[in-house]
Amino acid sequence: MIHPLSDVKATNIGEKTNIWQFCVVFSKAIIGDNCNICAQVLIENDVKIGNNVTIKSGVQIWDGITIEDNVFIGPNVTFTNDLFPRSKKYPEKFEQTLIKHGASIGANATILAGITIGENAMIGAGSVVTKDVPANTLWFGNPARFIRNI
């Protein structure tokens with residue numbers, strides 16, 4: 001289901017995926033089956049989203065971001081794809097960010113460009129992730145710090 005108040009140019013969208021109102025999805029984005037893309041989400045071209053992914057409202061998924069299966073992205077999570085941004089000056093290639101299978105990212109967390117968040121890892125709400133996060137671990141804070149294994 002694609003809500004009529006969204007602007008979805010992509011055609012590679014899986015079955016049973018819902019895209020709600022006021023979303024923008026660029027033409028080359030890939031979105032898997034059974035995803036829930038909530039209101040006011042932007043998804044650029046060089047983006048791959050797996051199956052059973054939930055992306056809550058107010059999230060922008062920029063070029064270079066891959067989200068694997070069964071991932072939860074909380075409301076207003078902020079991704080970046082350029083470590084040294086300048087107006088009207090674009091890198092030759094955007095940083096690649098990978099959110100692995102089963103990871104969960106809490107509301108308002110910030111994920112810096114080029115980060116990998118491991119399988120089943122959890123990022124606490126409001127955290128700022130500045131380095132790779134291993135699988136099956138809980139991190140939170142600013143900067144995000146290892147809390148415990150999960």
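N34 is partly exposed, with 43% relative accessible area. In this predicted model, N34 belongs to the loop that runs between β5 and β6. The phi angle of N34 is positive, near 55 degrees, although the residue is not a glycine. Another non-glycine residue with a positive phi is K16, at about 60 degrees. K16 is found in the loop between β2 and β3, and its relative accessible area of 68% makes it exposed.

T17 is part of the loop between β2 (12–13) and β3 (18–19). With a relative accessibility of 3%, T17 counts as buried because the cut-off for that class is under 20%. C35, placed in the loop between β5 (30–31) and β6, is likewise buried, at 2% relative accessible area. T17 and C35 are 18 residues apart along the chain, and their C-alpha atoms are separated by 4.5 Å.

The surroundings of T17 include a polar contact: its side chain reaches the backbone oxygen of G32 at 2.6 Å. Leaving out residues up to four places away in sequence, T17 touches M1, I31, G32, D33, N34 and C35. The partly exposed N34 is thus one of the residues in contact with T17. With the same exclusion, C35 touches K16, T17 and N18, and also I49, G50, N51, N52 and V53. The exposed K16 is therefore listed among the contacts of the buried C35.

At the β17 end, strand β14 (residues 97–99) and β17 run parallel and are joined by 2 bridges. Within this pair, I99 stands opposite I117 of β17.

The other open sheet consists of 8 strands in the order β3-β6-β9-β12-β15-β18-β20-β21, and its pairing is mixed. The edges are taken by β3 and β21, each of which has a single partner strand, so one side of each is without a neighbour in the sheet. In general, strands of a sheet pair through backbone hydrogen bonds, either parallel or antiparallel. The bridge partner of N18 in β6 is N36.

Strand β18 (residues 122–123) runs parallel to strand β20 (residues 137–140), and 2 bridges join them. In this pair, I123 has W139 of β20 as its bridge partner. β20 also pairs with strand β21 (residues 145–149), in the antiparallel sense and over 4 bridges. Here T137 stands opposite N149 in β21.

The hairpin of β20 and β21 has 4 residues between the strands, and G141 takes a positive phi near 115 degrees. The loop between β20 and β21 also contains P143. The peptide bond joining N142 and P143 is cis, with omega at about 0 degrees. P143 counts as partly exposed, with a relative accessibility of 40%. Apart from its neighbours within four places in sequence, P143 is in contact with V128 and T130. From P143 to G126 the C-alpha to C-alpha distance is 9.9 Å, and the two residues are 17 residues apart in sequence.

The largest pocket of the model has a volume of about 150 Å³. Its lining is made up of E44, W62, D63, N81, D82, P85, R86, K89, Y90, P91 and F94. By class, this lining comprises 5 nonpolar, 1 polar and 5 charged residues.

Conventions: Residues are numbered from 1 along each chain as its sequence is written. This is a predicted model: local features need pLDDT of at least 70, side-chain atom pairs count only at pLDDT 80 or more; totals for chains, interfaces and linings use all residues. Side-chain values use heavy atoms; hydrogens and water are left out. Buried means under 20% relative accessible area, exposed over 50%, partly exposed in between (1.4 Å probe, protein chains only). A polar contact is a pair of N or O atoms within 3.5 Å; within protein, one must be able to donate a hydrogen and the other to accept it, and residues adjacent in sequence count only if both atoms are side-chain atoms. Contact means heavy atoms within 4.5 Å. On a 1 Å grid over the protein atoms alone, a cavity is a set of points where a 1.4 Å probe fits but cannot get out, and a pocket is an open set with protein on both sides within 12 Å along at least five of seven lines; lining residues have an atom within 4 Å of a point. Grid points are joined across faces, edges and corners, and a volume is the space filled by probe spheres set on the points. Ala, Val, Leu, Ile, Met, Phe, Trp, Tyr, Cys and Pro count as nonpolar, Asp, Glu, Lys and Arg as charged, and the others, Gly among them, as polar. Two strands pair if DSSP finds at least two bridges between them.
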